[in-house]
Amino acid sequence: MRLAIDTSGVDQALVVLDGHRLRAADDWVRARADPPVLVRLDAVVKRAGGKPDDLDAVVVARGPGSFTGLRVGLALAAGLAYARHIPLYVADSLPILGAARRGPSRSLWLAGGGGGSTPAC
């Protein structure tokens, strides 16, 4: 399973993919009363029928977006990738948001395969 994270703007998203298949997604408009992103991440991975140990790659939005929003997503993605010893990729924000709302786009499918995103480490 591959996890995509976009916290770069007001519209935020978490997407879990299994190959080309969308397993689960959560998108929301950021508000102060929101639960922490980690709580949402745990819930979306569980909805996908997995657990964090099942992740084989993480894709994170590189923007454009706010500095703080980007920092939250990048730190979360880097921490997950580092702790799990899995690849970390960066991608533009729009494919991740689009996958959460309408299903995965080709560029998000390629993330982790070297075609539509940039390896971060």
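The largest pocket holds about 190 Å³ of space. Here a pocket is an open set of points on a 1 Å grid over the protein atoms alone, where a 1.4 Å probe fits, with protein on both sides within 12 Å along at least five of seven lines. This is a predicted model, where local features need pLDDT of at least 70, side-chain atom pairs count only at pLDDT 80 or more, and totals for chains, interfaces and linings use all residues. Residues are numbered from 1 along each chain as its sequence is written, and side-chain values use heavy atoms, leaving out hydrogens and water.

- The pocket is lined by 15 residues, and Thr7, Gln12, Arg30, Val37 and Val72 are the closest to its centre; a lining residue has an atom within 4 Å of a point.
- By class, that lining has 6 nonpolar, 5 polar and 4 charged residues (Ala, Val, Leu, Ile, Met, Phe, Trp, Tyr, Cys and Pro count as nonpolar, Asp, Glu, Lys and Arg as charged, and the others, Gly among them, as polar).
- Helix α2 gives the largest share of the lining, 3 residues (helices are DSSP runs of H or I, at least four residues, numbered from the N terminus).

**The two helices**
- Helix α1 (residues 37–47) packs against helix α2 (residues 67–84) at an angle of about 55°, with their axes 12 Å apart; axes are lines fitted to C-alpha atoms over the stretch in contact, and angles run from 0 to 180 degrees between N-to-C directions.
- Where they touch, Val37, Leu38 and Leu41 of α1 meet Val72, Leu76 and Leu80 of α2 (contact means heavy atoms within 4.5 Å).
- The residues of this contact are 6 nonpolar, no polar and no charged.

Methods. Points joined across faces, edges and corners; volume = space filled by probe spheres on them.
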